Amino acid sequence: MLLAYRLALASPWIRASAIEATEFPALADSLDVQAVPRIVVNGVPQWDGAVPESVFVDRILAPAFE
Amino acid sequence: MPLFKADDEVRVREALGGLDRPVELLVAHGPEETPLPGAGDIDFGAETERVANGLAELSPLVSVRVEEQPDGFARYPAVAVLPEGRDVGLRYYGLPWGYELGSLIGAVLEAGRAESSLKPASLERLASVEQELAIDVFVTPT
């Protein structure tokens, strides 16, 4: 979660939200959250689990350069 | 019930002592979704406010504001972490408790830094972004 917050602090184009899955089950179900952390970018599920900073940045920025 | 065990409180107070700038926690209340069974009789909104106030008690640079359905929130309860009172898009949706209390504390520590803690290579890549990206990270408290 902290990496997402760091990215949001470093770029005016990026926002980062932690969402507690058990408190928002309808939203979690709609995004098929089975494991945490599940990372979703612009409403599209991307991957589950923690990754190193360089991988996180690569994966997060991929949609911006498609 | 206190927010932290005594030794944890000392550690969090020390960490918050390193803030370079003020951080405001905006607690947003509003209609709450029905959580999964097992949540018991927890008042998530009230507990979220208690957590924010508990952090603010540990540092003169951390403050709390509470609002009812402010603009810019998708669901409730929520906490926005505002470096120097500015909304830069940091949110925690739900009650930050258990393991996830650490995420909120981490957000405060990051927001309180004058300089990013990202690696230079990451900052270089971020500088080329010119498209809105909303990162949602689904978490659980355990």
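Me: How many bridges join β2(A) to strand β3 of chain A, and do they run parallel or antiparallel?
Reply: In this predicted model, β2(A) and β3(A), the latter spanning residues 44–48, run antiparallel and are joined by 4 bridges.

Me: Which residue stands opposite Asp48(A)?
Reply: That is Arg38(A), which faces Asp48(A) of β3(A).

Me: And how many residues lie between β2(A) and β3(A)?
Reply: There are 2 residues between them, and the two strands form a hairpin. Asn42(A), in the turn, has a positive phi of about 50°.

Me: Turning to helix α3 of chain A, which of its residues are buried?
Reply: The helix covers residues 53–61, and its buried residues are Phe56(A), Val57(A), Ile60(A) and Leu61(A). Viewed down the axis of α3(A), they fall within an arc of 115°, so they line one face of the helix.

Me: Why would residues three or four places apart point the same way?
Reply: An α-helix has 3.6 residues a turn, so residues with that spacing point the same way.

Me: What does the face of α3(A) turned away from its buried side carry?
Reply: That face carries the exposed residues Ser54(A) and Val55(A).

Me: What covers the buried residues of α3(A)?
Reply: Both chains take part: the cover includes α1 (2–10) and β2 (38–41) of chain A, and also α4 (120–126) and β5 (133–139) of chain B.

Me: Then how many residues does the contact take from each chain?
Reply: Chain A provides 40 residues and chain B provides 41. On the side of chain A that touches chain B, α1, β1 (14–20), α2 (25–30), β2 and α3 each supply at least two residues. α1(A) gives the most to that side, with 8 residues.

Me: What is that side of chain A made of, by class?
Reply: It has 29 nonpolar, 5 polar and 6 charged residues.

Me: How many bridges join β1(A) to β5(B)?
Reply: 7 bridges join these strands, which run parallel. Within this pairing, Ser17(A) has Asp136(B) in β5(B) as its bridge partner.

Me: One more topic: which residues touch the most other members of the largest nonpolar core?
Reply: The core holds 57 residues, and those touching the most other members are Ala4(A), Leu7(A), Val79(B), Val81(B), Val108(B), Ile135(B) and Val137(B). α1(A) contributes the largest share of this core, 7 residues.

Me: What is Leu7(A) in contact with, leaving aside its neighbours within four places in sequence?
Reply: Leu7(A) is in contact with Ile14(A), Ala16(A) and Ile60(A), and also with Leu126(B) and Ile135(B). Ile60(A) is one of the buried residues of α3(A).

Terms used. Residues numbered from 1 in each chain as written. Chains lettered and ligands numbered in written order. Predicted model: local features only at pLDDT ≥ 70, side-chain atom pairs only at ≥ 80, totals over all residues. Buried ≥ 20, exposed ≤ 12 C-beta atoms within 10 Å, placed from the backbone. Arc of directions from axis to C-beta. Contact = placed C-beta atoms within 7 Å. Pairing = 2+ DSSP bridges. Nonpolar A, V, L, I, M, F, W, Y, C, P; charged D, E, K, R; others polar. Core = buried A, V, L, I, M, F, W, Y, C linked by C-beta atoms within 7 Å.
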